[in-house]
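Trainee: I would like a close look at a single part of this structure. Please take me through it step by step.

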Amino acid sequence: MGAAAHQAFQEADSPKEEPSVKVGKEEWDRVKSRLRTELGEDVFSSWFASVELEGEQNGLVILSVSTRFLKSWIQSHYGERLMALWREECEHVRRIDLYVRGAVRPKPAPTKTAAPNPAGNAAVGGMAGAAGLAGAQASENDQLGGSPLDPRLTFETFVVGQSNTLAHAAAKQVALAQPGQPVSFNPLFLHASVGLGKTHLLQAIAWEAKRSNPGAKVLYLTAERFMYSFVQALKSQSALDFKDTLRDIDILLIDDLQFLQGKSIQQEFCHTLNSLIDGARQVVVAADRPPVELESLDERVRSRLAGGLVSELQPLEKELRRSILSDRALQASRRDPNLAIPDVVLDHVAGIIRSNGRDLDGAFNRLMAHNQLTGAPITIEMAEQALKDLIRSKEPRRIRIEDIQRVVSKHYNVSRSDLLSSRRTRTIVRPRQIAMYLSKMLTPRSLPEIGRRFGGRDHTTVLHAVRKIEELSSSDTTLAQEIEMLKRIISE
């Protein structure tokens, strides 16, 4: 990072001012949009999805993140670009302060009836168990080198519906199993899109397992934390201690596995996975897609992960969204008895916010903010005005690269493994190029990400394929019609 940018992009233990979060929100939304476009959806989701704007005032921008690792990574890899984007939106910005939520702004220990819901989870406020027990569990997780645990993410705060019943039941069984009991399914693999409750269930397992069996060694790690810890162990020549610690865990929980990168790191994860499962220790993994679609992972890892119970958390049905909002409203009314949120408004919000729990929680928070800051009653009209940028009259179907590969493979009578292989025969090269072209046209994925999904190819190969198909389809009417037909099939 340059000296000027480093001076402007400060590390902050806590905000030194109390800026207004209303000032700068639109600019922050634009900065995030540009970051998403530049970095690609996967990279953006990995490093910036949990970054929150705390406020902007007098040239000071305050951002918060969930972990120290995330803070360090953003500062060292994206500090200059983040500052440049902010200054393009607001010329008067002179400094960005970044701090870790929770570690610097401790809040009173929440109770079961008064805790706010963390954004991005299909659940509502509350926490079971004493705050002292929660603190002890979080401390032990930290001592083992784990990622931070949120005391609000428990089974008691997870709202169960048709879309997540199986995943919730499996997670609960894992958490309540006693040492020595036969392991029913190992590993347990949970997958879903963002904001549907994967992280909530993993952390709920950690809390419940320690509550039901205080002597158990339970470790919750994000994939990036696993990578960071492994690299640090290698640097400090303590890799053997790191491996021994992991393989002595009773329940290992790994979140966001799709971000696990590096051959040596994946090999170590595979060895750890095999050691724990063979030793009847429980492994629970979460990712944004099933094991078979994690092409960046070694085949042996995917095979072992697919050998247990694989459960998908489906998009939230309307009844579940309504239940989540009802519980949120109940918790809010207990904190403020004068608050009135009509049922018709909750019905309306549940009907128009259909993407995920993160957007649903954000929508509820906006209603509360508008009510508290302006004094306006919460009505359908107010909700439509406050949530207008979240409302999607018709949500487009989320197209995945795997969907494109499957359709193209079937149409051209080649296998999906052929598309990912290094074979250069014409009968395979042309379908592969078409699949790459469609991946660029129909998904938000970046060229490097598309290349990784096609057998680890370089982004220049993808760019060549896109330009080649564009050139051919402009002069070949038959090919152009064929591509349009494939687009329709994929989009249906």
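This is a predicted model: local features need pLDDT of at least 70, side-chain atom pairs count only at pLDDT 80 or more; totals for chains, interfaces and linings use all residues.

Mentor: Start with helix α18, residues 426-442, and helix α21, residues 477-491. The two pack at an angle of about 55°, and their axes are 11 Å apart. That angle makes α18 oblique to α21. The crossing in which α18 passes α21 is right-handed. On the α18 side, the residues that meet the other helix are Ile-434, Tyr-437, Leu-438 and Leu-442. They face Leu-479, Ile-483, Leu-486, Lys-487 and Ile-490 in α21. Sorted by type, the residues of this contact are eight nonpolar, no polar and one charged.

Now take helix α9 (residues 239-247) and helix α10 (residues 263-278), which pack at about 35° with axes 9 Å apart. Their crossing is right-handed. From α9, the contact uses Lys-243, Leu-246 and Arg-247. From α10 it uses Glu-268, His-271, Thr-272, Ser-275 and Leu-276. Here the division is two nonpolar, three polar and three charged.

Arg-289 sits between β8 (282-287) and α11 (299-306). Arg-289 counts as buried because its relative accessible area is 6%, and the cut-off for buried is under 20%. Its side chain makes a polar contact of 2.8 Å with the side chain of Asp-288. Beyond the neighbours within four places in sequence, Arg-289 is in contact with Phe-189, His-191, Gln-258, Leu-294, Glu-402, Glu-449 and Arg-453.

Technical notes. Residues are numbered from 1 along each chain as its sequence is written. Side-chain values use heavy atoms; hydrogens and water are left out. Helices (H or I, at least four residues) and strands (E, at least two) are DSSP runs, numbered from the N terminus. Buried means under 20% relative accessible area, exposed over 50%, partly exposed in between (1.4 Å probe, protein chains only). A polar contact is a pair of N or O atoms within 3.5 Å; within protein, one must be able to donate a hydrogen and the other to accept it, and residues adjacent in sequence count only if both atoms are side-chain atoms. Contact means heavy atoms within 4.5 Å. Axes are lines fitted to C-alpha atoms, for helices over the stretch in contact, and angles run from 0 to 180 degrees between N-to-C directions. Angles under 35 degrees count as roughly parallel, over 145 as roughly antiparallel, 65 to 115 as roughly perpendicular and the rest as oblique. A crossing is left-handed if the near helix is turned anticlockwise from the far one by less than a right angle, and right-handed if clockwise. Ala, Val, Leu, Ile, Met, Phe, Trp, Tyr, Cys and Pro count as nonpolar, Asp, Glu, Lys and Arg as charged, and the others, Gly among them, as polar.
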